[in-house]
Amino acid sequence: MGRLRRSRTHKAQRDTHRASRTRARTKDLDQIQLIDMDPKNRAKLEAQPLDLEKPGLAQHYCVECAKYFETDNALSSHRRTKVHKRRLKQLQEPAYTIEESERAAGLGRDLRRPNVPLHDPMATSPE
């Protein structure tokens, strides 16, 4: 009987490679919040013209998840799932702005007041 060894995992690169593929990439949350959730754009997305290249001829679209579904039944069952409800909760938070990212990196201006004492008791009077 041969030696039993653990199979190699190739330094766990398989999962990172799968995560970095852009084949099944959906829209980011800020794109959905700022563009797709706008009432004008939302109406356009929900009433798209027929498209033979998209699933369900582009007639069954979930705006919050940015996904197409084959049937209306599939779309309604998707809206009851945890994935959809989790996405709705994420979309309730405000969008991450460029100014906020610059402030986090230390590039933007600080909106707080500087700490300047109003009265210094140790200071001598100019008299």
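**Entry 1: the fold.** I read along the sequence and noted the pattern α-α-α-β-β-α-α-α. That comes to six helices and two strands in the chain. Both are DSSP runs numbered from the N terminus, with helices (H or I) of at least four residues and strands (E) of at least two.

**Entry 2: ground rules.** I am working on a predicted model, where local features need pLDDT of at least 70 and side-chain atom pairs count only at pLDDT 80 or more, while totals for chains, interfaces and linings use all residues. Residues are numbered from 1 along each chain as its sequence is written, and side-chain values use heavy atoms, with hydrogens and water left out.

**Entry 3: surface and burial.** Of the 127 residues in the chain, 17% are buried. Buried means under 20% relative accessible area, exposed over 50%, and partly exposed in between (1.4 Å probe, protein chains only).

**Entry 4: contacts.** I took the contacts between residues at least 6 apart in sequence, and 34% of them join residues at least 24 apart. A contact here is heavy atoms within 4.5 Å.

**Entry 5: helix α2.** Which residues of α2 (29–36) are buried? I found I32, Q33 and D36. They cover an arc of only 125° around the axis, so they sit on the same side of α2; the arc is that of the directions from the helix axis to the C-beta atoms. The buried residues of α2 pack against α3 (39–46), β1 (61–62) and α5 (82–92).

**Entry 6: cysteines.** I searched the whole structure for disulfides and found zero.

**Entry 7: aromatic rings.** My search of the whole structure gave one aromatic pair. The ring centres of Y61 and Y68 are 4.6 Å apart and their planes are at 50°, so I logged the pair as tilted. For the cut-offs, rings of Phe, Tyr and Trp (its six-membered ring) pair if their centres lie within 6.5 Å; planes under 30 degrees apart count as stacked, over 60 as edge-to-face and the rest as tilted. Y61 is buried, with a relative accessible area of 6%, whereas Y68 is partly exposed at 25%.

Definitions and conventions. A disulfide is a pair of cysteine sulfur atoms within 2.5 Å.
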